[in-house]
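Please look over the model below alongside these notes.

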Amino acid sequence: MNDNNRIVVIGIGNLLLMDEGIGVHTINELEKYDLPRNIEIYDGGTGGFKLIDLMHGAVRVIFIDAVGAGKAPGTITTFRSEDVRSLYHKKKYSLHDTDLMEVIKMTELLEVSPKIEIVGIQPKTINYGTTLSKELTDSMPDIINTVLRRIEEVCSTLSV
Amino acid sequence: MHDFHVGIEHITRVEGHGNIIIDVKEGKIRELRMDIVESPRFFEAMALGRSYKEVAHITSRICGICAVTHTTTSIKAIEAALGFEPSAQTIKLRKLLLNAEFIQSHILHVYFLTAPDFFRVGSVFGMVKDNKEVVLRGMRLKTLANELCALVGGRHVHPITLKIGCFSKNPESKDLAEFKKKIEDAWPDIEETVKFFKSLKTPEFERDTEYISLTNPEEYALYDGNIKSSDNGEVVPTDYLDKVKEYMVASSTSKHAKANRDSYMVGALARFNNNYDQLHPKAKEVAGELGLRHPCYNSYMNNIAQVVETVHCFEDSIRLIDDLISGDLKDEKIELLPKAGHGIGATEAPRGTLYHEHKLDDNGKITYANYIIPTGQNLANIENDLRTLVPDILHKEKDDIILDIEMLVRAYDPCISCATHLMKVKFVNE
């Protein structure tokens with residue numbers, strides 16, 4: 001598999017702030033799956049610009065992140081690459097200190113920009129703790145299915 | 001002379017918020033304070049009841065930028081509690097990893113968070129039009145440091161190979177040798193970095209304060225050492241509370257700290273002032289070229305001290321790599337059994353001295369935890385600097401006053417703004 005098929009999935013967030021860490025929890029769950037070799041999954045934590053180093057050479061990057069969209073806890077909102085740019089000027093899109101939009105803008109500047117999309121999950125509780133709220137724990141199968149389905153769709157696009 | 005009330009509202013792009021309130025009437029400061037209004041963090045509470053084996057992984061999540069330092073400091077405290085001394089190889093690998101973190105953190109700060117001030121653009125993205133190569137150079141150096149972090153720490157973000165007693169996986173000697181070559185190849189970028197910061201005019205300012213950092217007769221202290229005050233000498237890390245006095249402030253959810261005076265400074269400039277003699281000769285040369293004289297009482301020059309330390313850390317990494325690959329790296333298998341104990345770890349983080357204290361019960365469960373982070377220690381000193389600065393800049397235009405204030409706060413590289421550049425500012429009396 002060459003780099004042209006490399007798909008990177010990065011879960012971001014702070015594991016110490018309950019649902020804020022949903023992206024990382026999702027990655028921990030995805031590690032149990034036998035994924036195709038061209039799929040790389042990363043716990044991006046609160047890595048900020050460090051995340052860019054994970055994205056070099058990828059054709060597609062899928063971020064998984066907590067997104068406060070005023071919806072029911074656990075609601076999944078997927079932003080395709082063509083929609084991500086429209087989020088640049090929205091304040092407080094991301095709930096933690098890693099400003100994902102700045103990371104994405106920086107990849108464009110570096111001219112190594114893969115297509116980037118975001119799987120956003122509405123959190124219930126952002127507070128001190130290393131566990132997820134019950135609502136997000138219950139949503140985990142749906143979140144995993146959404147991410148796996150998206151990976152499959154992207155793979156099929158790339159193989160055309 | 002202006003009467004003004006300036007409220008620099010929360011710093012954007014961070015998890016927490018810091019405000020600066022300054023009220024001046026007829027040239028006199030009526031009120032000046034820095035409020036930290038983020039929720040108080042309960043990391044100590046989260047550590048309680050946890051196993052001695054997992055607490056370092058929890059603390060590594062406190063900060064994405066200083067993850068290595070938090071992990072290292074936590075491990076040192078646990079090892080001290082268990083009465084364990086790691087091998088020379090493990091200490092060298094930890095120092096190498098710490099160097100990687102210092103470089104990436106300092107480069108992030110000087111290139112992406114402070115440089116835009118000199119061009120009066122809102123963020124690093126504002127520099128792209130006229131100074132794209134500068135931004136790209138900063139990113140190249142940051143990427144290089146992150147590669148070293150991944151090589152030794154097992155991944156780019158939140159290291160996983162650091163553990164109590166040893167490393168769970170050593171880097172390969174050939175990979176370390178290749179990395180040394182990469183550092184050597186990066187020297188043109190490092191030299192250009194020095195030239196670039198030489199071209200920027202750091203604001204003038206002077207206020208003698210107390211400087212606290214680790215110190216070590218063997219080396220420029222980052223990993224270990226006694227706690228040194230520029231005022232009154234050294235104490236061993238276990239006596240850190242004899243030196244560092246934390247206290248609560250009504251306007252802030254972060255504790256403040258003082259030592260011999262009513263405030264002190266930690267960070268690159270404090271280390272530079274306390275340990276100048278042990279800097280690598282190349283770093284001293286760069287300090288001279290950048291006009292950083294020893295001792296220096298201009299807090300704005302903390303940025304320049306960070307550039308100097310970046311050079312030191314690159315040179316020190318070459319030395320450590322040479323040392324590590326001169327023999328075979330041994331796979332160490334060390335599993336420490338739990339027992340009751342009490343330990344303190346003190347390490348320099350990029351922003352200043354970090355303390356972790358742990359008490360363990362017979363089963364190795366954490367029964368007491370205390371963490372003192374650099375930014376809390378600097379808050380009182382930032383306020384004192386502002387009290388000195390503001391009366392001297394009242395003749396300036398409003399925008400220039402605000403910029404001077406913001407640049408001074410940012411020079412401390414405060415962790416509440418560890419990912420920030422922009423502050424919201426408004427004059428109330430308009």
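1. Definitions first. The expected span of a helix is 1.5 Å times one less than its number of residues. Helices are DSSP runs (H or I, at least four residues), numbered from the N terminus. This is a predicted model: local features need pLDDT of at least 70, side-chain atom pairs count only at pLDDT 80 or more, and totals for chains, interfaces and linings use all residues. Residues are numbered from 1 along each chain as its sequence is written, and chains are lettered from A and ligands numbered from 1 in the order in which they are written.

2. Helix α7 of chain B (residues 187-198) has 12 residues and should span 16 Å at 1.5 Å a residue. Its end C-alpha atoms are 16 Å apart, which agrees.

3. Which residues of α7(B) are buried? Ile190(B), Thr193(B) and Phe197(B) are (20 or more other C-beta atoms within 10 Å of a residue's own; exposed means 12 or fewer; C-beta atoms are placed from the backbone). They cover an arc of only 50° around the axis, so they sit on the same side of α7(B); the arc is that of the directions from the helix axis to the C-beta atoms. The face turned away carries the exposed Pro188(B), Glu191(B) and Lys195(B).

4. The buried residues of α7(B) pack against α4 (88-118), α5 and α11 (302-325) of chain B (contact: C-beta atoms, placed from the backbone, within 7 Å).

5. The contact between the chains takes 23 residues from chain B and 23 residues from chain A. On the chain B side, α5(B) gives the largest share, 6 residues.

6. Pro281(B) lies in helix α10 (residues 281-289) of chain B. Pro281(B) counts as exposed because it has 9 C-beta neighbours inside 10 Å.

Conventions:
Two residues are in contact if their C-beta atoms, placed from the backbone, lie within 7 Å. Helices (H or I, at least four residues) and strands (E, at least two) are DSSP runs, numbered from the N terminus.
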